[in-house]
Amino acid sequence: MRRVTEYAAEVTVSDGQRFASLGGVVVRNRRLALLWLRRQALRLANGHGLPLAPEPVRLPTADVRPVHFHGSGAPEELRRWATRGPHQDHAIRALEAGFPALFTVLDPAVGLSLTLAGWRGRPADR
């Protein structure tokens, strides 16, 4: 009998005192978790807090709420993480080994940190 392993992914934001989830998913494998995180990173970077046009392909998972960044540093870091092979290779290897995949960007103008996280299990397992 084959054991089914789920993976959870979530995007969170913090100002150092308060913490909030912008959205998350539970998917059937680590590749889908990483794909969802990459999609969210690009949506956040490209949207930069602005409303986005509807996408031609509708995924069965929800996208995170947009964030308004006060500088271009955080969006550029999100875009770099989502599109560079070494960053993605590191994230998938961490998930394969059973470790969480985490990436945090900072918007120093307002003290905001945004974290992309993926891990084996359900959200309560975090």
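Hi everyone, and thanks for coming. Some ground rules to begin with. The model is predicted, so local features need pLDDT of at least 70 and side-chain atom pairs count only at pLDDT 80 or more, while totals for chains, interfaces and linings use all residues. Residues are numbered from 1 along each chain as its sequence is written, and side-chain values use heavy atoms, with hydrogens and water left out.

Let's start with the overall plan. The protein has 3 helices and 4 strands; helices (H or I, at least four residues) and strands (E, at least two) are DSSP runs, numbered from the N terminus. Reading from the N terminus, the order is β-β-α-α-α-β-β. Of the 126 residues, 39% are buried, where buried means under 20% relative accessible area, exposed means over 50%, and partly exposed is in between, using a 1.4 Å probe and protein chains only. Among contacts (heavy atoms within 4.5 Å) with a separation of 6 or more, 57% join residues 24 or more positions apart.

Now to the helices. Two packed helices are described by the angle between their axes and the distance between the axes. The axes here are lines fitted to C-alpha atoms, for helices over the stretch in contact, and the angles run from 0 to 180 degrees between N-to-C directions.

How do H1 and H2 cross? Helix H1, residues 30-47, and helix H2, residues 73-83, have axes that come within 8 Å and cross at roughly 150 degrees. That makes H1 roughly antiparallel to H2. The cut-offs are these: under 35 degrees is roughly parallel, over 145 roughly antiparallel, 65 to 115 roughly perpendicular, and the rest oblique. The crossing of H1 with H2 is left-handed, which is the term if the near helix is turned anticlockwise from the far one by less than a right angle; clockwise is right-handed. On the H1 side, the contact includes Leu34, Leu37 and Arg38, and on the H2 side it includes Pro75, Leu78 and Trp81. Sorted by class, this contact of H1 with H2 has 10 nonpolar, 2 polar and 2 charged residues. Nonpolar covers Ala, Val, Leu, Ile, Met, Phe, Trp, Tyr, Cys and Pro; charged covers Asp, Glu, Lys and Arg; the others, Gly among them, are polar.

Next comes H2 with helix H3, residues 85-96: their axes come within 5 Å and cross at roughly 70 degrees. H2 and H3 are therefore roughly perpendicular to each other. Arg80, Trp81, Ala82 and Thr83 of H2 meet Gly85, His87, Gln88 and Ala91 of H3. That contact of H2 with H3 divides into 3 nonpolar, 4 polar and 1 charged.

What about H1 and H3? Their axes come within 10 Å and cross at roughly 140 degrees, and the two helices are therefore oblique to each other. H1 passes H3 in a right-handed crossing. Arg30, Arg31, Leu34 and Arg38 in H1 touch Gln88, Ala91, Ile92, Leu95 and Glu96 in H3. By class, the contact of H1 with H3 has 4 nonpolar, 1 polar and 4 charged residues.

Let's turn to Trp81 again. How many aromatic pairs does a search of the whole structure find? It finds 1. The rings of Trp81 and Phe103 have centres 5.5 Å apart and planes at 20 degrees, so the pair is stacked. Rings of Phe, Tyr and Trp (its six-membered ring) pair if their centres lie within 6.5 Å; planes under 30 degrees apart are stacked, over 60 edge-to-face, and the rest tilted. Trp81 is in helix H2 and Phe103 is in strand S3 (residues 101-107), so the pair ties together parts 22 residues apart in sequence. Trp81 is buried at 6% relative accessible area, and Phe103 is buried at 17%.

Finally, some single residues. Leu102 also lies in strand S3. Is Leu102 buried or exposed? At 57% relative accessibility, Leu102 counts as exposed. Leaving out residues up to four places away in sequence, Leu102 touches Thr115, Leu116 and Ala117.

Ser113 sits in strand S4, residues 112-120, and is buried at 18% relative accessible area. With residues up to four places away again not counted, its contacts include Thr12, Val13 and Thr104.

Ala62 is in the loop between H1 and H2 and, at 52% relative accessibility, counts as exposed. Ala62 and Gly24 are 38 residues apart in sequence, with their C-alpha atoms 7.7 Å apart.
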